[in-house]
There are 2 protein chains.
Amino acid sequence: MRDTDRPNVVIIGGGFGGIAAAQELAGFDVDLVVLDRENHHVFQPLLYQVATASLSPQSISKPIRSILRDQMNCDVALANVRSIDPERRVVEYDGGTAAFDYLVVAAGARHDYFGHDDWEARAPGLKSLADATELRRRILLAFETAEHERDEGARRGALTFVIVGAGPTGVELAGAIKEIAGRTLPREYRNIDTTTARVVLVEGGPRVLSSFPDELSVRAVRDLERIGVEVRTGMSVTDVTETGILVNDDHIEADNIFWAAGVKASPLAESLRAPVDDRGRVIVEHDLRVPGHPRIFAIGDMASFTPAGSTQPLPGVAQVAIQMGRHAGMLIRSAISSSEHAPSTTFVYRDRGSMAVIGKNRAVAVIGSSRFTGFFAWILWATVHIAFLVSFRNRVRVLYDWAMSWLFNARDARVIIGEGERHDNNADATTADRR
Amino acid sequence: MRDTDRPNVVIIGGGFGGIAAAQELAGFDVDLVVLDRENHHVFQPLLYQVATASLSPQSISKPIRSILRDQMNCDVALANVRSIDPERRVVEYDGGTAAFDYLVVAAGARHDYFGHDDWEARAPGLKSLADATELRRRILLAFETAEHERDEGARRGALTFVIVGAGPTGVELAGAIKEIAGRTLPREYRNIDTTTARVVLVEGGPRVLSSFPDELSVRAVRDLERIGVEVRTGMSVTDVTETGILVNDDHIEADNIFWAAGVKASPLAESLRAPVDDRGRVIVEHDLRVPGHPRIFAIGDMASFTPAGSTQPLPGVAQVAIQMGRHAGMLIRSAISSSEHAPSTTFVYRDRGSMAVIGKNRAVAVIGSSRFTGFFAWILWATVHIAFLVSFRNRVRVLYDWAMSWLFNARDARVIIGEGERHDNNADATTADRR
């Protein structure tokens, strides 16, 4: 099906950035291929709702092939990319290679354990659907274990959840776990009072939601504490043990530890042999090109881009990735159509705001110079997230599930699939194998 | 919470039979516990729709705890039962034991490979949600593999699906796979014509749907062939190989083999030390008691019960299990309330009919002396299945998904979770580990 006359464009990654880049090239005379190691795009901002059994994995994901099916210049391949050869212009994946004239690297990021990768089995993070179903399994099993545990200390450990990192994911996860324990489960257990479940949110920095204005961090802490989450800022994790976690020399006994503390770029960044920042992200040029390789763009969580006048690189959020994807696609289009040297337009990021949910009816949001809190912010959050969901059909299903959840505190996705047979929740080896 | 004065009733299994038995004891002065190795009840008749990406696992399952939450005399435990000691009246599970005054054994069945258990990794069956998501993964990966396979023979193997066993599950699975290939996927692939996917339904007996009247078997074959399924009756599987399957010395090259040929009762039947039939089912007495153990009942797929005047034991279907569960619950109730020896009421099965779906708008059904085929039977099937779904909320979601699927041939649950990273689909070792 490949036409050798047409330029080959390869996009690595079917996340927000990769899809946006592909769509920008729709109807254009190129041979385009999107490579991803999963068959589906995930709406990552709602992953925590899968982890906390509000939504099913299907509701926030869609086959990449299905999203791009009407874009006839675009091929999709399930492929785990191993390395990039920028000189020979070849991408190597398990089972084959793909030559490119232009390349967009949008392979995203994974959790960063800051040199303690051995903590991952005990303190998994939340980046993929597999992560989310694993977290869901652990959260649900914790209550099952506690229900039939006779030792009081062990029972308390089973009912203690520590979330490391108080960015939006950590805050949302902590709030949702406390809500399951407090609203969804109480009537279903006979031997335990699920409302006594302890949720501790640990943050190394001085405040939660550090990318938000100060006043919203203060409000978020107030709202979190009101629903019963213990917030501990300025606390560093020094060890993750068999029975809990060591925070500033204080040991918290906890069976359930979840990691939302930091991410590092995909190791693919290294094979580009370009300068990277402390999180492994490629320090891209002003137009998102990889230094020294004018035909290669790095975008999204893989790119370190500091706007003029700013001291901080842009954060790893969906809207940055989408806007970068569009920019890269646009530059490739004009490079090809001008048949000359590629133009060099500076990437300009337009911040449309940030928001984080704290619990039922509570959120914080910042849009331009306006700040919102409480119920109104929550409505705003729900509206924006529904609007951005990729597929019309998923949108209806999510709205329906949210309505049920809001009206009845129901969480229909409370199903443990896979390793649920065992009575304990030490599935570390199996979990590690799955990655 | 246990009151030693009240009789202990233990139910092993939260399937149709176990739930029915538990509900029959609602409001009654007993200490009841339901043990299951999964946290959820599954609506098994719709499992094939999860395997073929029409429904999400959440849509056909519900936490057992949630189903029984208002029944205050009932406790639920996630427990893998290892053995039963009928003399000492104790059930032993991973991590503990449960003493009983009355016991209902409803642990169901697994696939039967007729002495070739080594075939399971290559030819998995469909009994649990984990099975269903594994089948879905294999079906979806098959098309991904074919899309990028250059060798014509290998590509044809990837696009060949063999289903062994033409009972309702086999027939429904074969029809649904052909429909995915023919209606859902064609527009999404660039290099393959998914409508050429080959679906072969192999049956050892002389006809498909052998539990149905002859004329419906004939009609089912006609409908299956009309949508493109190859039906081969009177063919025995002699081997499952690396590259395909040997059927009556004829080798069919196929990457995808699914097993719907037979089941055998849970091995728990053996620890009852009672007579079993050729499928390992306990040959129960006329009132469902286990011979020699008047306080133990075996029901559902674990019971071999031949009604008076019949030569065949009742089939392993939902309505048999439900009616048996109610009967066992009723007998336990009257045994306790009479404070004397347990009464001995004969179990009488009322057959409400059987049905099987062949494809969009096609089904066969038999209700009493009436037979139905085609569109009307399909509507009947959909109505009955919706009516029997355990939870109101799931019902609405299933209806919605079916409407989408019917109107747009959409299958929203097409998401590969877990081992989706690899490009091949030989995940046998991993699959086996998961069981």
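1. Let's start with the open sheet in chain B of this predicted model: three strands in the order E6-E7-E8, paired antiparallel. Strands here are DSSP runs labelled E of at least two residues, helices are H or I runs of at least four residues, and both are numbered from the N terminus; two strands pair if DSSP finds at least two bridges between them. The edges are E6 (81-85) and E8 (96-99) of chain B, each pairing on one side only. On average, neighbouring strands are turned by 20° against each other, direction ignored.

2. Look next at strand E7 (residues 90-93) of chain B, which runs antiparallel to E8(B) and is joined to that strand by four bridges. B:Glu92 stands opposite B:Thr97 in E8(B).

3. A word on conventions: residues are numbered from 1 along each chain as its sequence is written, and chains are lettered from A and ligands numbered from 1 in the order in which they are written. Local features need pLDDT of at least 70, side-chain atom pairs count only at pLDDT 80 or more, totals for chains, interfaces and linings use all residues, and side-chain values use heavy atoms, with hydrogens and water left out.

4. In chain A, the axes of helix H1 (residues 16-24) and helix H9 (residues 318-338) come within 7 Å and cross at roughly 30°. Axes are lines fitted to C-alpha atoms, for helices over the stretch in contact, with angles from 0 to 180 degrees between N-to-C directions. The crossing of H1(A) with H9(A) is right-handed (the near helix is turned clockwise from the far one by less than a right angle). The contact residues divide into seven nonpolar, three polar and three charged, where Ala, Val, Leu, Ile, Met, Phe, Trp, Tyr, Cys and Pro count as nonpolar, Asp, Glu, Lys and Arg as charged, and the others, Gly among them, as polar.

5. In chain B, H1 (residues 16-24) and H9 (residues 318-337) have axes that come within 7 Å and cross at roughly 30°. H1(B) passes H9(B) right-handed.

6. Please also check the rings: A:Tyr113, A:Trp119 and A:Trp259 form one aromatic cluster. Rings of Phe, Tyr and Trp (its six-membered ring) pair if their centres lie within 6.5 Å, and the count over all chains is 16 aromatic pairs.

7. Finally, A:Arg295 lies over the face of A:Tyr102, 5.0 Å from the ring centre (NZ of Lys or CZ of Arg within 6 Å of the centre and within 35 degrees of the ring normal). In chain B, the charged end of B:Arg295 sits over the ring of B:Tyr102, at 5.0 Å from its centre.

Technical notes: Phe/Tyr/Trp six-rings, centres within 6.5 Å; stacked < 30°, edge-to-face > 60°.
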